[in-house]
Amino acid sequence: MVEALGRNGTRTAPDPLFLRSSGGWLTLQDGVELGSSVSTLGHSEQRLRYFRVVSTGARGVDYSSVHGMSSTVDGLATWTGRSPVTQQVLLDPAGQSVNELFIRARNLEPLPLGGPLSLKLTTSYTHSARPKGGVYQISTALEVRTRSQEAVDWNVHSQAHRMIQDLMCLVYGKPALSRLGTVMREDDQEFEPRDERRLWRDSYEPTFGRSARGVERLTDDDKPLFYFDDVDPERVSAWLTAYDLWSRPTWIGVTPLFHADLPVESRLLQVAVALEALGAAIAERDHKKPPKTFEGLLSLVWQSVAFAPKQVVGEFSIDEWGKRFNQAYKGVKHADNSLPDPLDAFHRAQEGLTLIRCWLGIELGVSSATLNENLTEGR
């Protein structure tokens, strides 16, 4: 009994852990211990949890570092307007009814977005040759892919994919789900590569990107604040490259979108902290000393936006709106201040998030006229 109780005193979870079976090899990574139990009947149980798994080849390669990673993000295909499927409808001579329908599936050339990992958007589709219940099906996907010449840490690749998820969340003003697809290592190819084609391994990570219970996927009816055609691709690449600068305010800012039951006070607090972080990031980008007050940091955001959307300030001036927002922010932040009215706190949080979305549009090269027009449409 003493031996059983002390058995796991110095053990840690094996990382990586390779599982071998007739169906293939699995590589489990980022393992942690969840404790153990011992029975007087002579057996013990060790509980482990791993945060990701890769369907690897028989070489048992460690996938803590990878050369490539792919994911899918809700809303991205609509935002970029890239789909491998086109259709053509032909009417009868009288123009009264459909006579013929042509559906064509063909992959598009990858769309490079740049950044430190040469991020690209690639299309794919699957087709069921045999109909099911008389229905022919074509499924499409737009994948986010990153590549590096050298194998770099898993998290470095996933950070670039996280930036795309944050981008879609702010573009739509709604939660956009992201899913890990495949990963690739050059030293785990079953055949010697002779061209650009590589074998990509299926992978799974429940905590990849951001998700929450009850979050619904974006649909084709959801309209973004702006489209890819409205941006400057070079500025998108620069934004992706500056991960250390922009990821903190965007990550904080989109958090409330994934929690529909979040109290309005917490929602306002989160958005206000995101605006603070954004102002500090702008000061760092411009090589300026960041202001010490919230209103000073907020002023830097307004200077970058350079126009005042009515959906944010309403009938107030920028300065008046900033004071009202700061007053509501202090009300939920400091116990010696009066709590704001819940409806007022909700509106301030919505306006603050809209300001962050407008800043992102301007940062990526979208015109203020386009943003104003789309805001008027309620996007």
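Tutor: Helices (H or I, at least four residues) and strands (E, at least two) are DSSP runs, numbered from the N terminus. The model shown here is predicted: local features need pLDDT of at least 70 and side-chain atom pairs count only at pLDDT 80 or more, while totals for chains, interfaces and linings use all residues. Residues are numbered from 1 along each chain as its sequence is written, and side-chain values use heavy atoms, with hydrogens and water left out.

Student: Which strands each supply at least two residues of the nonpolar patch?

Tutor: A patch takes residues with over 30% relative accessible area and no salt bridge, and joins like charges within 9 Å or nonpolar side chains (Val, Leu, Ile, Met, Phe, Trp, Tyr) within 5 Å. Accessible areas come from the Shrake-Rupley method with a 1.4 Å probe, and for residues only the protein chains shown count as cover. Here strand E5 (85-91) and strand E6 (98-105) each supply at least two residues. E6 gives the most, with three residues.

Student: Which residues make the nonpolar surface patch?

Tutor: Val-89, Leu-91, Val-98, Leu-101, Ile-103, Tyr-125 and Ile-138 make it, over about 630 Å². Take Ile-103, which is in strand E6.

Student: Is Ile-103 buried or exposed, or does it count as partly exposed?

Tutor: Buried means under 20% relative accessible area, exposed over 50%, and partly exposed in between (1.4 Å probe, protein chains only). Ile-103 has 48% relative accessibility, so it counts as partly exposed.

Student: How many bridges join strand E1 to strand E2?

Tutor: Two strands pair if DSSP finds at least two bridges between them. E1 (residues 17-21) and E2 (residues 24-38) run antiparallel and are joined by five bridges. One example is Phe-18, whose bridge partner in E2 is Thr-27. The hairpin that joins E1 to E2 passes through two residues.

Student: What span does helix H6 reach?

Tutor: The expected span of a helix is 1.5 Å times one less than its number of residues. H6 (residues 264-285) has 22 residues, and its first and last C-alpha atoms are 31 Å apart, close to the 32 Å expected. After H6 comes His-287, with a positive phi near 60°.

Student: Which helices do the buried residues of H6 pack against?

Tutor: Contact means heavy atoms within 4.5 Å. The buried residues of H6 include Arg-267, Leu-268, Val-271 and Leu-275. The buried residues of H6 pack against helix H5 (243-254), helix H7 (294-305), helix H9 (318-333) and helix H10 (342-363).

Student: How many salt bridges does a search of the whole structure find?

Tutor: Side chains of opposite charge can pair when their charged atoms come close. A salt bridge is a side-chain nitrogen of Lys or Arg within 4 Å of a carboxyl oxygen of Asp or Glu. The search finds 19. One of them joins Glu-186 and Arg-198, at 2.8 Å from N to O. Both residues lie in the loop between strand E10 (178-184) and strand E11 (201-204), so the pair ties together parts that are 12 residues apart in sequence.

Student: Where do Asp-344 and Arg-348 lie?

Tutor: An α-helix has 3.6 residues a turn, so residues three or four places apart point the same way. Asp-344 and Arg-348 both lie in helix H10, four residues apart, about one turn of the helix. Their salt bridge has its closest N and O atoms 2.2 Å apart. Asp-344 counts as partly exposed at 27% relative accessibility, whereas Arg-348 counts as buried at 11%. Elsewhere, salt bridges that share partners join Asp-30, Arg-52 and Glu-205 into one network.
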